[in-house]
Each structure stands twice: as structure tokens, then as C-alpha cells.
Amino acid sequence: MALFSYHILALWLGVVLDSIVGDPHFLPHPIRLIGRWISFLDKKMLGEKPDEVSAKKQKGRGFLLVLLVIIPVAVITFFITYGLYRVNIYAGTVAETIISFYCLSLKSLFIESGNVVIALREEGLDGARKSLSMIVGRDTKDLSVKEVIKATVETIAENTSDGVVAPLFYLLLGGPVLGMVYKAINTMDSMVGYKNDRYENFGFFAAKLDDIANFIPSRFAAFLVIFTSAMMKNEFSGKEARRIYKRDRFNHKSPNSAQTESAFAGAMGIMLGGGASYFGKWVDKPTIGDETREIEIEDVDRAHRIMIVSYSTFLCLILLLDAALWYSIRGSL
């Protein structure tokens, strides 16, 4: 029971640390290290002329990439965390707290998406495009004001699952090892999971693994958004969030991305999705939601509120679960 208590403590300390500190760029971050490792493997395995490698070999090397990323991350995280627990329970708790903190990204998502609004107000459209380019994969140089705002809201909506709910879900399910494995999968997908000439085959397994990893969390996050919208009924519509979710939750090439985007779109009464340019190539995508009103700059703040309250609702559920487990364990002793 004592060790279980320290695991719970570490998770909650990680949540608090992420909410307060976020992701200062001056701190070393294991996710950035994983990104560098993926970039290194990408260059070594695929090289500068991927056309010279057959599609079958590209897929094979992509599968090897997944193994060379996932296995070291899992093994290193396990030995750091549980090795320190064997040395000293407090050292293990600190290690698990820090890893949990690194897995979560609520405040960094809030700050980075908020920076787009700040740039738009203070520096104009060019500044907003530059700020947006730091958090999205699409081309931003030709986006209009409304397109910049829409892309920011879409990022908040999608990452309410990928960057907020899903990491917490896996930390709760499997501790720091599973939390870091999920972040590695998500990082791989964001780097090589594109369906373009270079990565369509090489990134196939990374993209599919990300789809699998996010299947349950994305749907759970959508439920949280719908529930949250119903609670905040003076500002959002839970009924419309549920309706648009049922109708548009698969309006994306990814089976997961439109899950939370559709719930956000319905709750806010706006239209998201649609075509966009990636790496200079236009990609047609279906729209999500109904354009009951035009999107406006205040929608970024509205999306932030949905994200934060949805996350807080998840934390309340975890608190209830922790209490139930605690009393169950105490009762069995």
C-alpha cells in the first residue's frame, strides 16, 4: 500500500508541476531528445533520396524505426524510475514526478496557442502566422486571419486529446513507462507520420501505432468535452457538441483527430476542418461542424476554457478513483 501511495503522489505532483511550470525551453526535455533520436534514425534509414529505396524496404525500415524508438524509451524509463525506487523510495518518487511532468503538456499548449493570439494583436498577421507555424504541421505563410484562428482552435481541440487527456490516461494506466512510450509514439507520428512522398511508407507503422494508441483516449476526451459543454451551458452547447460529434467524428483521414474537433466545433457553433496546404501541397479535407457564426479571435479563449474544464473533470474522476482504491486497499488489510 505504501508504494501505491507514492505512485499516486508522484502522478499528482506531476500534474501540479505541469500546471504551474509548463515546458520552459531552457529546461532539458526528454521528448526533445526522443525527437532528435527519431530525426537521426530518419536520416540514417531513409537518407536524402528516399525514391531510391523500394516501398517495401521503406516500410520495413519504418517498422525498425518504431522498435528502435519504443524499446529504448521503455527500458530507460523503467530502469531510471524503478531503479531509483529500489535505491530510495523518495528518489523514485521524485523521478516518477519529473517523468509525469514531462509527459503532460497542458500549460505549454495553453501558452503556445495563446501566443498566436498575442502575436495577432501585437504584431499583426505575419507575426501570428509565424507563431502558429511553431505548433502546427500545415503551411501558414498564406493563411488569412480567420484561417489562423481556426487552425489554432483545431490545434487546441486535437491536443486536448493528444497532449492532455491521452498522456494522463496512460500515466494512470501504466505509470511513467507507459506514459513515456505514448509520448514517443506521438512524437514519431508528428515527425514521420505524414502521407507525403517521403513518409507515406516509412512512416506507415508509426502512424498506425499512433492511431491505435489514441483510439480510446480520443473518444474519452470527446466525452469529456461534451460533458463539459453541457456543464457550461450558458456559453457552450452540450446538445450541439453531441450532435456534431455523432455526425462528424470521422471527418478526417485519421480515425481519432476529428473526435475532439467535432465536439469542440459543435459546442462552440463554428466550422473547423477543410482543406489545407502541407509542405507546399494542397490536401482536401472535409469540414467539421456547422458555421452557425463566423469564427473570431475570442474562440481561442473559449477553446482554452473547454480544454481546461475537460482536463479538470478528468482529474476529478481520477481523484474519485484514487479514493476508492485507497479505501479498498485499507479495507483488505
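A: In this predicted model, the largest nonpolar core holds 77 residues, and Val 153 and Leu 168 touch the most other members. Helix α7, which spans residues 145–192, supplies the largest share of this core, with 20 residues.

When residues up to four places away in sequence are set aside, Val 153 touches Met 268, Ile 270, Leu 272, Ile 295, Asp 299, Val 300 and Ala 303.

Of the 333 residues in the chain, 49% are buried. The overall dimensions can be considered next. A compact globule of 333 residues would have a radius of gyration near 20 Å, and the chain agrees with this because its own value is 20 Å. Along the principal axes, the C-alpha atoms fill a box of roughly 60 × 60 × 40 Å.

Two further residues may be set beside each other. Ser 100 lies in helix α4, which covers residues 89–103. Its relative accessibility is 2%, so Ser 100 counts as buried, the cut-off for that term being under 20%. Apart from its neighbours within four places in sequence, Ser 100 is in contact with Ala 10, Leu 11, Gly 14 and Leu 171.

Pro 286, by contrast, is partly exposed, with a relative accessible area of 40%. Pro 286 is located in the loop that connects β3 (281–283) with β4 (287–288). Not counting residues up to four places away in sequence, Pro 286 touches Asn 251, His 252, Gly 273 and Gly 274. Between Pro 286 and Ala 166 there are 120 residues of sequence separation, and the C-alpha to C-alpha distance is 25 Å.

The surface and the charges complete the account. The accessible surface of the chain is about 16500 Å², and carbon and sulfur atoms contribute 64% of that area. The chain carries 37 positive and 35 negative side chains, with the centres of the two sets 5 Å apart.

Key: Residues are numbered from 1 along each chain as its sequence is written. This is a predicted model: local features need pLDDT of at least 70, side-chain atom pairs count only at pLDDT 80 or more; totals for chains, interfaces and linings use all residues. Side-chain values use heavy atoms; hydrogens and water are left out. The radius of gyration is taken over C-alpha atoms; the globule rule is 2.2 Å times the number of residues to the power 0.38. Buried means under 20% relative accessible area, exposed over 50%, partly exposed in between (1.4 Å probe, protein chains only). Accessible areas come from the Shrake-Rupley method with a 1.4 Å probe; for residues, only the protein chains shown count as cover. Lys and Arg count as positive and Asp and Glu as negative; His and the chain ends are not counted. The place of a charge is taken as NZ of Lys, CZ of Arg, CG of Asp or CD of Glu. Helices (H or I, at least four residues) and strands (E, at least two) are DSSP runs, numbered from the N terminus. Contact means heavy atoms within 4.5 Å. A nonpolar core is a set of buried Ala, Val, Leu, Ile, Met, Phe, Trp, Tyr and Cys residues joined through side-chain atoms within 4.5 Å.
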